[in-house]
Amino acid sequence: MAHLYKKNALFSLMLMTILGISCSKDDQQNSDYDNNKINLVIADNFNLSAFSAALKRSGLDKSLQEGAGPYTALVPSDAAFTAAGYSGAVGVMTANPTTISRIANYHTLDGKYELNKLPFLFNQELRSRGGKLYATHWIKGQDTILTLNGSRVISKNIPASNGLIQVVNRVLTPYLHDLLGDAIAAEASTTLFTQALRSSGLLQTINEAGPYTIFAPNNTAMQAIGYISIEQISNTNPTELKRFVNYHIVKDRRFIYDYILSTGPSNSSRQAMLDGNSVTMTLVPDESAVGSFKEITLRGIGNTTEVKLLKQDILSGNGVLHIIDGALRITQ
């Protein structure tokens, strides 16, 4: 009986030892698991669920989980995804996978970018996994502002064990065209102005150098000033067209929020165009936030009413395109 007791005691001791070793290994593995990787920090924030879904859909979550980094993730808020037409994480998971992959890569940078340490300059070029983007660090009144492609950075330098997270208020759109001329030609609403660029000889100009910014009147605006059809524009005197088109081009890269940042207390500024004449840019107040502005209107020397934006901040490799609802006029 005593012999049996000793055998049972020995068996129990061995079992406890084995279980102890097993638990010790599990505890060691658990302690080694890093739950502060950049993708997990994003996943733990309920306001960033749409971008977390984009990382999963694209497979980038695994790259950010397994890689040592450092990385910088430019993360649009859930509100930004909603404004871009996605119904939260579910909308991202059911969207076109190629589109989501392009978005995820465009918002991911290899390296650690503390944007608040950038010089106080406009549109400093950075490179993400999806292409070029542009960071501005500026002071507006009492506030220090950071923007990326004209969108606000609303939370900066959120730390992760292998990088940083910067939260932005808009989904940044990866550009499809290296050349500004190709970007404007791809817009169905600006075919008449695109033809004016071609016939004036300026299409080649904006494709060969840069950066440029174009404020392109849509087709309705072109017809309102007498440019009715592609054929008619093709037969128009190139010198006339060049004078007209030059007044819609800026020799610089300018996002709309750049004007909001650079305009003084008068809330109005003048922008020199390619022909040497200027256009007045007036800030439009944001009714939802006292003292803030949401966009601009434009007025050429000969305009009697304000010209409004229809579409803004369409980025290409060598410039930015904005579409407006009226032509800019030098004379009435």
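In strand 4, glycine 131 is the bridge partner of serine 128, and this pair belongs to the five bridges that join strand 3 to strand 4 (residues 131-140) in an antiparallel arrangement; here helices (H or I, at least four residues) and strands (E, at least two) are DSSP runs, numbered from the N terminus, and two strands pair if DSSP finds at least two bridges between them. The structure is a predicted model, in which local features need pLDDT of at least 70 and side-chain atom pairs count only at pLDDT 80 or more, whereas totals for chains, interfaces and linings use all residues. Residues are numbered from 1 along each chain as its sequence is written, and side-chain values use heavy atoms, with hydrogens and water left out.

Strand 3 and strand 4 form a hairpin with two residues between them, and leucine 126 has leucine 133 as its bridge partner in strand 4. Strand 4 is mostly covered, with seven of its ten residues buried.

On to strand 5 (residues 143-148), which is joined to strand 4 by six bridges and runs antiparallel to strand 4. Histidine 137 stands opposite leucine 146 of strand 5, and in the hairpin of strand 4 and strand 5, with two residues between the strands, glycine 141 takes a positive phi near 65°.

An open sheet of seven strands has the order 2-1-7-6-5-4-3, and its pairing is mixed. Strand 2 (108-110) and strand 3 (124-128) stand at the edges with a single partner strand each, so one side of each is left without a neighbour in the sheet. Neighbouring strands of this sheet are turned by 35° against each other on average, direction ignored; the axes behind such angles are lines fitted to C-alpha atoms, for helices over the stretch in contact, and angles run from 0 to 180 degrees between N-to-C directions. Strand 1 (residues 71-76) pairs with strand 2 in the antiparallel sense over three bridges, and threonine 72 has leucine 109 of strand 2 as its bridge partner.

## Strands 12 to 14

Strand 12 (residues 293-299) and strand 13 (residues 307-316) run antiparallel and are joined by two bridges, with valine 307 in strand 13 as the bridge partner of leucine 298. Strand 13 is also joined to strand 14 (residues 319-324), again antiparallel, by five bridges; leucine 309 stands opposite isoleucine 324 in strand 14, and strand 13 and strand 14 form a hairpin with two residues between them.

Threonine 194 is found in helix 9 and is buried, with a relative accessible area of 3%. The side chain of threonine 194 reaches the backbone oxygen of threonine 190 at 2.8 Å, and, leaving aside its neighbours within four places in sequence, threonine 194 is in contact (heavy atoms within 4.5 Å) with Ile184 and Ala185.

In helix 13 (residues 238-246) the buried residues are Leu241, Phe244, Val245 and Asn246. The elements that these buried residues pack against include helix 9 (191-200), helix 10 (202-208) and strand 8 (212-217).

## Domains

UniProt, in an unreviewed entry, places the feature "domain: FAS1" at residues 35-172 and 177-328; UniProt positions are given in the numbering used here, feature names are shortened, and annotations may be inferred rather than shown by experiment. The two spans are set out below.

| Span | Distance between end C-alpha atoms | Helix | Strand |
|---|---|---|---|
| Residues 35-172 | 27 Å | 33% helix | 33% strand |
| Residues 177-328 | 25 Å | 33% helix | 29% strand |

The domain assignment of the protein chain gives domain 1 (38-168) and domain 2 (180-324), with bounds that come from an automatic or database domain assignment. The centres of domain 1 and domain 2, taken over C-alpha atoms, are separated by 29 Å, and the contact takes 13 residues from domain 1 and twelve residues from domain 2.

Definitions and conventions. Buried < 20%, exposed > 50% of the residue type's maximum accessible area, 1.4 Å probe, protein only. Polar contact = N/O pair within 3.5 Å; in protein donor to acceptor, adjacent residues only side chain to side chain.
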